[in-house]
Amino acid sequence: MAETTPTDTHTDKNGTRYKVSEKQLSQPQTDKARLAHLQSHYASHPSRGLTPAKLAGLLQLAEQGDLIAQCEMAEDMEEKDGHIFSELQKRRRALLGVDWQIVPPRNASAAEKADCERLHELLDDLSILDDLIFDMSDAILKGFSNSEIVWQRQDKLWIPEAFNFKDPSWFMLPGSESGLSRNELRLRDNSLHGEALQPFGWVSHIHKTKSGYLSRNGLARVLAWPYLFKNYSVRDLAEFLEIYGLPLRLGKYPSGAGKSEKATLLQAVMSIGHNAGGIIPKGMEIDFTEAAKGGKDPFEYMVSLMEKTISKTILGGTLTSQADGKSSTNALGNVHNEVRQELRDSDLKQIANTLSRDLVLPLYMLNCKSYRHSSRAPRLEFNLVEAEDIKAYADALPKLVEIGFAIPQSWAQERLQIPIAQKDEPVLSVGGKSSVVDASQAKLKQLAFKRIVALKRQSGLQDKSETDVDDIDLASQQLQREMAPILASFTEDIRVLVEQAQSLEELQQALAELDLNIEEASEILQLAMISADLAGQYDVSEGR
(Lines give C-alpha, C1' and ligand atoms only; values in the text may rest on other atoms or scores of the structure.)
Protein backbone atom coordinates (compact mmCIF):
# COMPACT_ATOMS: atom_id res chain seq x y z
CA MET A 1 0.00 0.00 0.00
CA ALA A 2 1.20 3.50 -0.80
CA GLU A 3 1.75 6.23 1.76
CA THR A 4 0.48 9.74 1.11
CA THR A 5 3.07 12.45 1.58
CA PRO A 6 2.08 15.83 3.15
CA THR A 7 1.35 17.13 -0.38
CA ASP A 8 0.61 14.84 -3.33
CA THR A 9 -0.16 15.83 -6.93
CA HIS A 10 -2.91 13.90 -8.70
CA THR A 11 -4.55 14.00 -12.10
CA ASP A 12 -8.30 13.64 -12.46
CA LYS A 13 -10.20 11.95 -15.29
CA ASN A 14 -10.16 15.19 -17.33
CA GLY A 15 -6.40 15.53 -17.08
CA THR A 16 -6.58 18.36 -14.53
CA ARG A 17 -3.70 18.30 -12.06
CA TYR A 18 -4.31 19.29 -8.47
CA LYS A 19 -2.64 18.93 -5.10
CA VAL A 20 -4.09 17.13 -2.11
CA SER A 21 -2.46 17.88 1.23
CA GLU A 22 -2.68 15.89 4.44
CA LYS A 23 -4.20 18.95 6.14
CA GLN A 24 -6.83 19.17 3.43
CA LEU A 25 -7.81 15.54 3.98
CA SER A 26 -7.88 15.93 7.77
CA GLN A 27 -10.20 18.96 7.81
CA PRO A 28 -13.62 18.76 6.12
CA GLN A 29 -14.40 21.71 3.88
CA THR A 30 -17.59 22.72 5.72
CA ASP A 31 -15.70 23.08 9.01
CA LYS A 32 -14.16 26.31 7.73
CA ALA A 33 -15.25 29.52 9.41
CA ARG A 34 -16.42 31.22 6.22
CA LEU A 35 -19.03 28.49 5.72
CA ALA A 36 -20.35 28.59 9.29
CA HIS A 37 -23.51 30.40 8.16
CA LEU A 38 -24.68 27.21 6.44
CA GLN A 39 -25.04 25.50 9.81
CA SER A 40 -27.65 28.08 10.89
CA HIS A 41 -29.80 27.82 7.78
CA TYR A 42 -33.39 26.70 8.43
CA ALA A 43 -36.03 25.77 5.88
CA SER A 44 -38.67 28.34 4.94
CA HIS A 45 -41.21 25.61 3.94
CA PRO A 46 -42.40 27.06 0.63
CA SER A 47 -45.29 24.57 0.46
CA ARG A 48 -47.25 26.74 2.94
CA GLY A 49 -49.85 28.69 1.01
CA LEU A 50 -48.69 27.13 -2.23
CA THR A 51 -50.41 28.37 -5.39
CA PRO A 52 -49.68 27.70 -9.07
CA ALA A 53 -48.10 31.14 -9.40
CA LYS A 54 -45.87 30.65 -6.35
CA LEU A 55 -44.81 27.19 -7.54
CA ALA A 56 -43.93 28.48 -11.01
CA GLY A 57 -41.88 31.25 -9.43
CA LEU A 58 -39.72 29.01 -7.25
CA LEU A 59 -39.10 26.63 -10.16
CA GLN A 60 -37.92 29.56 -12.25
CA LEU A 61 -35.58 30.66 -9.45
CA ALA A 62 -33.97 27.21 -9.54
CA GLU A 63 -33.29 27.57 -13.25
CA GLN A 64 -31.37 30.75 -12.45
CA GLY A 65 -29.11 28.95 -9.95
CA ASP A 66 -31.01 29.48 -6.67
CA LEU A 67 -31.86 25.91 -5.64
CA ILE A 68 -32.98 26.64 -2.08
CA ALA A 69 -36.74 26.98 -2.61
CA GLN A 70 -36.94 24.06 -5.04
CA CYS A 71 -35.04 21.73 -2.68
CA GLU A 72 -37.07 22.81 0.35
CA MET A 73 -40.25 22.32 -1.66
CA ALA A 74 -39.11 18.76 -2.42
CA GLU A 75 -38.50 18.15 1.31
CA ASP A 76 -42.01 19.41 2.13
CA MET A 77 -43.61 17.16 -0.48
CA GLU A 78 -41.84 14.10 0.89
CA GLU A 79 -42.84 14.94 4.47
CA LYS A 80 -46.45 16.00 3.89
CA ASP A 81 -47.62 13.57 1.21
CA GLY A 82 -47.69 9.99 2.46
CA HIS A 83 -48.08 8.60 -1.04
CA ILE A 84 -44.97 10.36 -2.36
CA PHE A 85 -43.02 9.21 0.70
CA SER A 86 -44.16 5.60 0.30
CA GLU A 87 -43.34 5.39 -3.41
CA LEU A 88 -39.92 7.01 -2.95
CA GLN A 89 -39.12 4.59 -0.13
CA LYS A 90 -39.89 1.64 -2.41
CA ARG A 91 -37.50 2.93 -5.06
CA ARG A 92 -34.75 3.98 -2.64
CA ARG A 93 -34.85 0.92 -0.37
CA ALA A 94 -34.63 -1.37 -3.40
CA LEU A 95 -31.05 -0.13 -3.90
CA LEU A 96 -29.83 -1.48 -0.56
CA GLY A 97 -28.40 -4.94 0.00
CA VAL A 98 -27.35 -5.52 -3.62
CA ASP A 99 -24.02 -7.34 -3.93
CA TRP A 100 -21.13 -5.37 -5.41
CA GLN A 101 -17.53 -5.96 -6.41
CA ILE A 102 -14.41 -4.00 -7.29
CA VAL A 103 -13.49 -4.70 -10.91
CA PRO A 104 -9.88 -4.15 -12.06
CA PRO A 105 -9.11 -2.38 -15.35
CA ARG A 106 -8.82 -4.33 -18.59
CA ASN A 107 -5.66 -6.45 -18.91
CA ALA A 108 -4.84 -5.74 -15.26
CA SER A 109 -1.43 -6.56 -13.88
CA ALA A 110 -0.92 -8.73 -10.83
CA ALA A 111 -0.33 -5.61 -8.71
CA GLU A 112 -3.56 -4.00 -9.93
CA LYS A 113 -5.55 -7.14 -9.17
CA ALA A 114 -4.02 -7.36 -5.69
CA ASP A 115 -4.86 -3.70 -5.01
CA CYS A 116 -8.45 -4.31 -6.13
CA GLU A 117 -8.75 -7.08 -3.57
CA ARG A 118 -7.41 -4.73 -0.88
CA LEU A 119 -9.88 -2.02 -1.90
CA HIS A 120 -12.73 -4.53 -1.74
CA GLU A 121 -11.68 -5.46 1.80
CA LEU A 122 -11.48 -1.79 2.83
CA LEU A 123 -14.94 -0.98 1.48
CA ASP A 124 -16.46 -4.22 2.73
CA ASP A 125 -15.41 -3.28 6.25
CA LEU A 126 -17.28 0.04 5.99
CA SER A 127 -20.58 -0.51 7.81
CA ILE A 128 -21.70 2.96 6.68
CA LEU A 129 -21.68 2.17 2.96
CA ASP A 130 -25.40 1.30 2.89
CA ASP A 131 -26.19 4.62 4.58
CA LEU A 132 -24.15 6.41 1.93
CA ILE A 133 -26.00 4.65 -0.90
CA PHE A 134 -29.35 5.57 0.68
CA ASP A 135 -28.30 9.21 1.03
CA MET A 136 -27.14 9.23 -2.59
CA SER A 137 -30.58 8.04 -3.67
CA ASP A 138 -32.01 11.34 -2.36
CA ALA A 139 -30.87 12.68 -5.73
CA ILE A 140 -33.74 10.79 -7.38
CA LEU A 141 -36.12 13.42 -6.01
CA LYS A 142 -33.93 16.52 -5.87
CA GLY A 143 -31.56 15.88 -8.79
CA PHE A 144 -28.36 15.79 -6.71
CA SER A 145 -27.01 14.61 -3.37
CA ASN A 146 -23.77 15.57 -1.64
CA SER A 147 -22.10 13.74 1.23
CA GLU A 148 -18.88 15.05 2.71
CA ILE A 149 -16.12 12.51 3.35
CA VAL A 150 -14.48 12.57 6.78
CA TRP A 151 -11.06 10.94 6.37
CA GLN A 152 -9.03 9.33 9.12
CA ARG A 153 -5.49 7.94 9.15
CA GLN A 154 -5.13 4.29 10.20
CA ASP A 155 -1.46 3.28 10.23
CA LYS A 156 -0.42 4.23 6.68
CA LEU A 157 -3.89 4.13 5.17
CA TRP A 158 -6.47 6.86 4.57
CA ILE A 159 -9.92 5.43 5.39
CA PRO A 160 -13.34 7.18 5.29
CA GLU A 161 -14.57 7.51 8.86
CA ALA A 162 -17.97 8.98 7.96
CA PHE A 163 -20.04 10.31 5.07
CA ASN A 164 -21.94 13.36 6.28
CA PHE A 165 -25.01 14.11 4.18
CA LYS A 166 -25.38 17.84 3.58
CA ASP A 167 -28.69 19.58 3.05
CA PRO A 168 -29.28 20.38 -0.65
CA SER A 169 -30.01 24.00 0.26
CA TRP A 170 -26.28 24.42 1.06
CA PHE A 171 -25.47 24.33 -2.65
CA MET A 172 -25.98 26.59 -5.64
CA LEU A 173 -25.29 26.74 -9.35
CA PRO A 174 -23.15 29.52 -10.84
CA GLY A 175 -24.79 32.05 -13.13
CA SER A 176 -24.19 32.05 -16.86
CA GLU A 177 -22.11 35.23 -16.57
CA SER A 178 -19.53 33.45 -14.36
CA GLY A 179 -18.06 31.47 -17.23
CA LEU A 180 -18.50 28.29 -15.17
CA SER A 181 -20.61 25.30 -16.08
CA ARG A 182 -24.27 25.66 -15.18
CA ASN A 183 -24.14 22.03 -14.01
CA GLU A 184 -21.34 22.56 -11.45
CA LEU A 185 -22.57 22.36 -7.87
CA ARG A 186 -20.83 24.83 -5.52
CA LEU A 187 -21.13 25.64 -1.83
CA ARG A 188 -22.97 28.84 -0.87
CA ASP A 189 -20.19 30.88 0.73
CA ASN A 190 -21.94 34.28 0.35
CA SER A 191 -19.95 35.00 -2.81
CA LEU A 192 -21.58 35.59 -6.18
CA HIS A 193 -20.70 32.23 -7.69
CA GLY A 194 -20.01 30.04 -4.63
CA GLU A 195 -17.03 27.91 -3.62
CA ALA A 196 -15.89 24.85 -5.58
CA LEU A 197 -16.15 21.46 -3.87
CA GLN A 198 -12.84 20.25 -2.44
CA PRO A 199 -11.17 17.34 -4.31
CA PHE A 200 -11.31 14.01 -2.43
CA GLY A 201 -13.76 15.64 -0.02
CA TRP A 202 -17.17 14.80 -1.45
CA VAL A 203 -19.31 12.04 -2.86
CA SER A 204 -21.29 14.29 -5.22
CA HIS A 205 -24.01 12.33 -6.99
CA ILE A 206 -26.04 13.83 -9.84
CA HIS A 207 -28.94 11.56 -10.75
CA LYS A 208 -30.13 11.95 -14.32
CA THR A 209 -33.87 11.51 -14.67
CA LYS A 210 -33.98 13.44 -17.93
CA SER A 211 -31.63 15.36 -20.19
CA GLY A 212 -30.95 19.03 -19.59
CA TYR A 213 -29.46 21.34 -16.99
CA LEU A 214 -29.01 20.13 -13.43
CA SER A 215 -31.46 22.73 -12.10
CA ARG A 216 -34.27 21.07 -14.10
CA ASN A 217 -33.25 17.53 -13.17
CA GLY A 218 -34.85 15.39 -10.49
CA LEU A 219 -38.42 14.23 -10.00
CA ALA A 220 -39.39 17.12 -7.71
CA ARG A 221 -40.29 19.39 -10.62
CA VAL A 222 -42.51 16.69 -12.14
CA LEU A 223 -44.17 15.77 -8.83
CA ALA A 224 -44.80 19.35 -7.72
CA TRP A 225 -47.85 19.82 -9.94
CA PRO A 226 -49.80 16.65 -9.04
CA TYR A 227 -48.86 17.37 -5.40
CA LEU A 228 -50.41 20.83 -5.67
CA PHE A 229 -53.60 19.68 -7.41
CA LYS A 230 -54.02 16.79 -4.98
CA ASN A 231 -53.77 19.21 -2.05
CA TYR A 232 -56.50 21.37 -3.58
CA SER A 233 -58.77 18.34 -3.85
CA VAL A 234 -58.03 17.18 -0.31
CA ARG A 235 -58.83 20.67 0.99
CA ASP A 236 -62.07 20.81 -0.99
CA LEU A 237 -63.05 17.35 0.27
CA ALA A 238 -62.43 18.41 3.87
CA GLU A 239 -64.63 21.48 3.38
CA PHE A 240 -67.35 19.40 1.75
CA LEU A 241 -67.36 16.86 4.59
CA GLU A 242 -67.56 19.65 7.13
CA ILE A 243 -70.89 20.92 5.80
CA TYR A 244 -72.27 17.67 4.31
CA GLY A 245 -75.74 16.88 5.67
CA LEU A 246 -76.10 20.23 7.37
CA PRO A 247 -78.94 22.52 6.21
CA LEU A 248 -78.18 25.94 4.84
CA ARG A 249 -78.61 28.47 7.67
CA LEU A 250 -79.77 31.94 6.66
CA GLY A 251 -79.90 34.74 9.25
CA LYS A 252 -82.19 37.73 8.86
CA TYR A 253 -81.75 40.99 10.76
CA PRO A 254 -84.09 44.01 10.78
CA SER A 255 -83.22 47.14 8.97
CA GLY A 256 -81.23 49.54 11.06
CA ALA A 257 -79.29 46.76 12.88
CA GLY A 258 -75.80 47.79 13.97
CA LYS A 259 -72.48 46.08 13.33
CA SER A 260 -72.43 44.37 16.72
CA GLU A 261 -75.91 42.96 16.17
CA LYS A 262 -74.94 41.68 12.73
CA ALA A 263 -71.82 40.09 14.18
CA THR A 264 -73.85 38.39 16.90
CA LEU A 265 -76.27 36.96 14.34
CA LEU A 266 -73.45 35.75 12.10
CA GLN A 267 -71.76 33.99 15.01
CA ALA A 268 -75.00 32.26 15.92
CA VAL A 269 -75.58 31.15 12.32
CA MET A 270 -72.07 29.72 11.96
CA SER A 271 -72.08 27.84 15.28
CA ILE A 272 -75.62 26.56 15.45
CA GLY A 273 -74.89 23.60 13.19
CA HIS A 274 -72.19 22.26 15.51
CA ASN A 275 -73.64 23.31 18.85
CA ALA A 276 -77.26 22.46 17.98
CA GLY A 277 -78.38 25.56 19.82
CA GLY A 278 -77.76 29.27 20.30
CA ILE A 279 -79.27 32.66 21.12
CA ILE A 280 -79.96 35.73 18.98
CA PRO A 281 -81.46 39.14 19.75
CA LYS A 282 -85.21 39.56 19.51
CA GLY A 283 -86.34 40.64 16.10
CA MET A 284 -83.77 38.55 14.24
CA GLU A 285 -84.51 35.25 12.51
CA ILE A 286 -82.64 32.13 11.36
CA ASP A 287 -84.11 30.13 8.49
CA PHE A 288 -83.05 26.57 7.65
CA THR A 289 -83.21 25.60 3.98
CA GLU A 290 -82.40 22.36 2.15
CA ALA A 291 -79.37 20.42 3.39
CA ALA A 292 -76.16 20.49 1.32
CA LYS A 293 -76.19 17.84 -1.39
CA GLY A 294 -73.50 16.24 -3.49
CA GLY A 295 -70.98 13.45 -3.07
CA LYS A 296 -67.33 12.84 -2.36
CA ASP A 297 -66.74 10.99 -5.62
CA PRO A 298 -65.37 13.94 -7.65
CA PHE A 299 -62.84 14.77 -4.95
CA GLU A 300 -61.75 11.16 -4.50
CA TYR A 301 -61.41 10.77 -8.25
CA MET A 302 -59.09 13.78 -8.44
CA VAL A 303 -56.98 12.52 -5.50
CA SER A 304 -56.77 9.04 -7.06
CA LEU A 305 -55.82 10.48 -10.45
CA MET A 306 -53.00 12.55 -8.94
CA GLU A 307 -51.70 9.60 -6.90
CA LYS A 308 -51.60 7.43 -10.00
CA THR A 309 -49.63 10.15 -11.75
CA ILE A 310 -47.22 10.22 -8.80
CA SER A 311 -46.79 6.42 -8.90
CA LYS A 312 -46.12 6.48 -12.64
CA THR A 313 -43.54 9.22 -12.17
CA ILE A 314 -41.63 7.46 -9.39
CA LEU A 315 -42.08 3.75 -10.15
CA GLY A 316 -43.08 3.75 -13.80
CA GLY A 317 -46.48 2.17 -13.12
CA THR A 318 -49.38 1.87 -10.70
CA LEU A 319 -50.08 -1.85 -10.29
CA THR A 320 -47.23 -2.34 -7.79
CA SER A 321 -48.82 0.32 -5.58
CA GLN A 322 -52.60 0.26 -6.05
CA ALA A 323 -55.13 -2.34 -7.18
CA ASP A 324 -58.51 -1.21 -8.48
CA GLY A 325 -59.90 -4.70 -9.09
CA LYS A 326 -60.42 -3.96 -12.78
CA SER A 327 -57.12 -3.58 -14.60
CA SER A 328 -54.95 -5.07 -11.83
CA THR A 329 -54.29 -8.47 -13.40
CA ASN A 330 -51.33 -10.60 -12.38
CA ALA A 331 -49.79 -10.33 -15.86
CA LEU A 332 -49.93 -6.54 -15.88
CA GLY A 333 -48.58 -6.49 -12.33
CA ASN A 334 -45.57 -8.52 -13.47
CA VAL A 335 -44.97 -6.13 -16.35
CA HIS A 336 -45.04 -3.13 -14.00
CA ASN A 337 -42.69 -4.96 -11.63
CA GLU A 338 -40.24 -5.45 -14.50
CA VAL A 339 -40.33 -1.69 -15.06
CA ARG A 340 -39.43 -1.18 -11.40
CA GLN A 341 -36.55 -3.62 -11.87
CA GLU A 342 -35.26 -1.61 -14.83
CA LEU A 343 -35.43 1.59 -12.78
CA ARG A 344 -33.51 -0.08 -9.93
CA ASP A 345 -30.78 -1.26 -12.29
CA SER A 346 -30.49 2.20 -13.84
CA ASP A 347 -30.30 3.85 -10.41
CA LEU A 348 -27.59 1.44 -9.25
CA LYS A 349 -25.51 1.95 -12.39
CA GLN A 350 -25.54 5.72 -11.87
CA ILE A 351 -24.64 5.32 -8.19
CA ALA A 352 -21.83 2.90 -9.10
CA ASN A 353 -20.36 5.46 -11.50
CA THR A 354 -20.33 8.11 -8.78
CA LEU A 355 -18.85 5.77 -6.17
CA SER A 356 -16.14 4.71 -8.61
CA ARG A 357 -15.21 8.35 -9.25
CA ASP A 358 -15.59 9.91 -5.80
CA LEU A 359 -14.75 7.02 -3.43
CA VAL A 360 -12.93 4.15 -5.11
CA LEU A 361 -10.58 6.40 -7.13
CA PRO A 362 -9.48 8.50 -4.09
CA LEU A 363 -8.92 5.34 -2.05
CA TYR A 364 -6.90 3.90 -4.92
CA MET A 365 -4.84 7.07 -5.37
CA LEU A 366 -4.10 7.49 -1.68
CA ASN A 367 -3.41 3.92 -0.66
CA CYS A 368 -2.31 1.76 -3.61
CA LYS A 369 1.12 1.45 -5.18
CA SER A 370 -0.15 0.31 -8.58
CA TYR A 371 -1.83 3.68 -9.28
CA ARG A 372 -0.46 5.32 -12.43
CA HIS A 373 -3.37 7.23 -13.95
CA SER A 374 -7.09 7.60 -13.30
CA SER A 375 -7.82 5.87 -16.62
CA ARG A 376 -6.46 2.66 -15.06
CA ALA A 377 -8.54 2.96 -11.90
CA PRO A 378 -10.72 0.06 -10.72
CA ARG A 379 -14.48 0.39 -10.72
CA LEU A 380 -17.27 -0.52 -8.34
CA GLU A 381 -20.01 -2.56 -10.01
CA PHE A 382 -23.26 -3.92 -8.61
CA ASN A 383 -24.37 -7.44 -9.42
CA LEU A 384 -27.55 -6.76 -11.39
CA VAL A 385 -27.98 -10.24 -12.87
CA GLU A 386 -31.16 -11.88 -11.65
CA ALA A 387 -31.20 -15.64 -11.15
CA GLU A 388 -33.21 -17.49 -13.78
CA ASP A 389 -35.86 -20.12 -13.07
CA ILE A 390 -33.80 -23.11 -11.91
CA LYS A 391 -36.60 -25.58 -12.59
CA ALA A 392 -36.96 -24.42 -16.20
CA TYR A 393 -33.21 -24.69 -16.78
CA ALA A 394 -33.04 -28.10 -15.09
CA ASP A 395 -35.62 -29.37 -17.59
CA ALA A 396 -34.21 -27.66 -20.68
CA LEU A 397 -30.42 -27.95 -20.38
CA PRO A 398 -30.16 -31.77 -20.40
CA LYS A 399 -32.36 -31.92 -23.51
CA LEU A 400 -30.26 -29.28 -25.28
CA VAL A 401 -27.03 -31.07 -24.40
CA GLU A 402 -28.43 -34.37 -25.68
CA ILE A 403 -29.09 -32.92 -29.14
CA GLY A 404 -25.59 -31.52 -29.42
CA PHE A 405 -25.59 -28.00 -27.94
CA ALA A 406 -22.16 -27.13 -26.51
CA ILE A 407 -23.20 -25.14 -23.44
CA PRO A 408 -20.37 -23.77 -21.25
CA GLN A 409 -20.78 -24.61 -17.59
CA SER A 410 -19.73 -21.08 -16.60
CA TRP A 411 -22.63 -19.63 -18.64
CA ALA A 412 -25.19 -21.84 -16.91
CA GLN A 413 -23.82 -21.02 -13.46
CA GLU A 414 -23.88 -17.31 -14.23
CA ARG A 415 -27.47 -17.44 -15.49
CA LEU A 416 -28.58 -19.34 -12.39
CA GLN A 417 -26.41 -17.24 -10.07
CA ILE A 418 -24.70 -20.36 -8.72
CA PRO A 419 -21.06 -19.66 -7.78
CA ILE A 420 -18.31 -21.95 -9.04
CA ALA A 421 -17.16 -24.25 -6.26
CA GLN A 422 -13.62 -23.70 -5.07
CA LYS A 423 -11.08 -26.42 -4.44
CA ASP A 424 -11.95 -28.67 -1.46
CA GLU A 425 -15.25 -26.83 -0.98
CA PRO A 426 -18.25 -29.00 0.07
CA VAL A 427 -20.91 -29.22 -2.63
CA LEU A 428 -24.29 -30.87 -2.97
CA SER A 429 -24.63 -34.25 -4.62
CA VAL A 430 -27.44 -36.64 -5.60
CA GLY A 431 -29.43 -37.79 -2.59
CA GLY A 432 -28.86 -34.59 -0.66
CA LYS A 433 -25.53 -35.73 0.74
CA SER A 434 -22.45 -33.55 0.42
CA SER A 435 -19.10 -34.48 -0.98
CA VAL A 436 -15.81 -32.67 -1.08
CA VAL A 437 -14.65 -31.38 -4.43
CA ASP A 438 -11.01 -32.37 -4.75
CA ALA A 439 -8.70 -33.43 -7.50
CA SER A 440 -10.06 -36.97 -7.68
CA GLN A 441 -11.73 -36.55 -11.09
CA ALA A 442 -8.70 -34.85 -12.59
CA LYS A 443 -6.45 -37.48 -11.02
CA LEU A 444 -8.55 -40.29 -12.46
CA LYS A 445 -8.37 -38.78 -15.94
CA GLN A 446 -4.64 -38.31 -15.62
CA LEU A 447 -4.18 -41.96 -14.57
CA ALA A 448 -6.45 -43.02 -17.43
CA PHE A 449 -4.30 -41.14 -19.95
CA LYS A 450 -1.17 -42.75 -18.54
CA ARG A 451 -2.77 -46.18 -18.72
CA ILE A 452 -3.82 -45.66 -22.35
CA VAL A 453 -0.29 -44.57 -23.24
CA ALA A 454 1.12 -47.65 -21.53
CA LEU A 455 -1.31 -49.91 -23.36
CA LYS A 456 -0.46 -48.32 -26.68
CA ARG A 457 3.23 -48.80 -26.06
CA GLN A 458 2.75 -52.47 -25.19
CA SER A 459 0.73 -53.06 -28.33
CA GLY A 460 2.81 -50.79 -30.57
CA LEU A 461 5.22 -53.58 -31.58
CA GLN A 462 2.37 -55.81 -32.78
CA ASP A 463 0.55 -55.77 -36.06
CA LYS A 464 -1.82 -52.83 -36.47
CA SER A 465 -4.76 -55.07 -37.37
CA GLU A 466 -4.51 -56.78 -34.02
CA THR A 467 -4.17 -53.55 -32.01
CA ASP A 468 -7.84 -53.11 -31.12
CA VAL A 469 -8.21 -56.64 -29.76
CA ASP A 470 -4.89 -56.42 -27.90
CA ASP A 471 -5.87 -53.11 -26.32
CA ILE A 472 -9.07 -54.65 -25.00
CA ASP A 473 -7.24 -57.71 -23.72
CA LEU A 474 -4.57 -55.66 -22.00
CA ALA A 475 -7.17 -53.42 -20.36
CA SER A 476 -9.21 -56.41 -19.22
CA GLN A 477 -6.13 -58.14 -17.82
CA GLN A 478 -5.05 -55.05 -15.92
CA LEU A 479 -8.56 -54.56 -14.52
CA GLN A 480 -8.60 -58.21 -13.46
CA ARG A 481 -5.20 -57.91 -11.74
CA GLU A 482 -6.24 -54.82 -9.78
CA MET A 483 -9.66 -56.17 -8.79
CA ALA A 484 -8.42 -59.65 -7.81
CA PRO A 485 -7.12 -58.78 -4.30
CA ILE A 486 -10.24 -56.78 -3.53
CA LEU A 487 -12.58 -59.54 -4.64
CA ALA A 488 -10.45 -62.07 -2.75
CA SER A 489 -10.88 -59.97 0.39
CA PHE A 490 -14.65 -59.91 -0.14
CA THR A 491 -14.67 -63.70 -0.65
CA GLU A 492 -12.61 -64.30 2.49
CA ASP A 493 -14.99 -62.18 4.61
CA ILE A 494 -18.00 -64.10 3.32
CA ARG A 495 -16.26 -67.47 3.79
CA VAL A 496 -15.60 -66.68 7.45
CA LEU A 497 -19.24 -65.80 7.96
CA VAL A 498 -20.39 -69.05 6.34
CA GLU A 499 -18.10 -71.12 8.50
CA GLN A 500 -19.18 -69.41 11.72
CA ALA A 501 -22.91 -69.46 11.02
CA GLN A 502 -24.97 -71.98 13.00
CA SER A 503 -28.09 -71.68 10.87
CA LEU A 504 -29.34 -70.23 7.61
CA GLU A 505 -31.18 -67.46 9.46
CA GLU A 506 -27.99 -66.50 11.31
CA LEU A 507 -26.06 -66.41 8.01
CA GLN A 508 -28.68 -64.19 6.42
CA GLN A 509 -28.52 -61.80 9.37
CA ALA A 510 -24.69 -61.70 9.25
CA LEU A 511 -24.66 -61.01 5.50
CA ALA A 512 -27.18 -58.19 5.97
CA GLU A 513 -24.91 -56.59 8.60
CA LEU A 514 -21.72 -57.11 6.61
CA ASP A 515 -20.06 -53.76 5.75
CA LEU A 516 -17.82 -54.24 2.73
CA ASN A 517 -15.44 -51.40 1.86
CA ILE A 518 -16.19 -50.79 -1.80
CA GLU A 519 -14.49 -47.38 -2.19
CA GLU A 520 -11.30 -48.84 -3.66
CA ALA A 521 -13.28 -51.10 -6.01
CA SER A 522 -15.45 -48.14 -7.11
CA GLU A 523 -12.39 -46.06 -7.90
CA ILE A 524 -10.83 -48.84 -9.98
CA LEU A 525 -14.06 -49.45 -11.92
CA GLN A 526 -14.52 -45.71 -12.47
CA LEU A 527 -10.97 -45.45 -13.73
CA ALA A 528 -11.55 -48.38 -16.08
CA MET A 529 -14.70 -46.78 -17.52
CA ILE A 530 -12.95 -43.44 -18.05
CA SER A 531 -10.04 -45.24 -19.69
CA ALA A 532 -12.38 -47.10 -22.02
CA ASP A 533 -14.21 -43.89 -22.92
CA LEU A 534 -10.99 -41.99 -23.63
CA ALA A 535 -9.60 -44.89 -25.61
CA GLY A 536 -12.74 -44.94 -27.73
CA GLN A 537 -12.44 -41.18 -28.35
CA TYR A 538 -8.82 -41.66 -29.33
CA ASP A 539 -9.69 -44.41 -31.81
CA VAL A 540 -12.40 -42.24 -33.37
CA SER A 541 -10.02 -39.29 -33.73
CA GLU A 542 -7.43 -41.59 -35.36
CA GLY A 543 -10.02 -42.91 -37.80
CA ARG A 544 -9.70 -46.49 -36.60
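**Questions around a buried lysine**

Trainee: Let's start with Lys 230: is Lys 230 buried or exposed?
Mentor: The relative accessibility of Lys 230 is 9%. Buried means under 20% relative accessible area, exposed over 50%, and partly exposed in between, using a 1.4 Å probe and protein chains only. At 9%, Lys 230 therefore counts as buried.

Trainee: Before we go on, what pLDDT do local features need here?
Mentor: Residues are numbered from 1 along each chain as its sequence is written, and side-chain values use heavy atoms, with hydrogens and water left out. This is a predicted model, in which totals for chains, interfaces and linings use all residues, side-chain atom pairs count only at pLDDT 80 or more, and local features need pLDDT of at least 70.

Trainee: Good to know! Which residues does Lys 230 touch, not counting residues up to four places away in sequence?
Mentor: Lys 230 sits in helix α8 (residues 220–243). Helices (H or I, at least four residues) and strands (E, at least two) are DSSP runs, numbered from the N terminus. A contact means heavy atoms within 4.5 Å. With residues up to four places away in sequence left out, Lys 230 touches Asp 81, His 83, Val 303, Met 306 and Glu 307.

Trainee: What percentage of the residues of the whole chain count as buried?
Mentor: The protein chain has 17 helices and 14 strands. Among its contacts with a separation of 6 or more, 66% are between residues 24 or more positions apart. Of its 544 residues, the buried part is 36%.

Trainee: Which strand pairs with β4 over five bridges?
Mentor: Two strands pair if DSSP finds at least two bridges between them. The antiparallel partner of β4 over five bridges is β9.

Trainee: And in the three-stranded open sheet, which strands are the edges?
Mentor: The order of this antiparallel sheet is β6-β7-β8. β6 and β7 (residues 186–187) are joined by two bridges, and Met 172 has Arg 186 in β7 as its bridge partner. Each edge strand pairs on one side only, and the edges are β6 (171–172) and β8 (195–196).

Trainee: Now for charges: which residue forms a salt bridge with Lys 142?
Mentor: A salt bridge is a side-chain nitrogen of Lys or Arg within 4 Å of a carboxyl oxygen of Asp or Glu, and the structure holds 18 of them. Lys 142 is buried at 4% relative accessibility. Its partner, buried at 10%, lies in helix α3 (residues 68–80) while Lys 142 lies in helix α7 (residues 139–142), so the pair ties together parts that are 64 residues apart in sequence. With an N to O distance of 4.0 Å, the partner is Glu 78.

Trainee: How far apart are the closest N and O atoms of Asp 347 and Arg 91?
Mentor: Asp 347 is buried at 1% relative accessibility, and Arg 91 is buried too, at 10%. Their salt bridge has its closest N and O atoms apart by 2.9 Å.

Trainee: What is the N to O distance between Asp 115 and Arg 118?
Mentor: Both residues lie in helix α5 (residues 110–124), three residues apart, about one turn of the helix. Asp 115 is buried at 4%, whereas Arg 118 is partly exposed at 36%. Their side chains meet in a salt bridge with an N to O distance of 2.6 Å.
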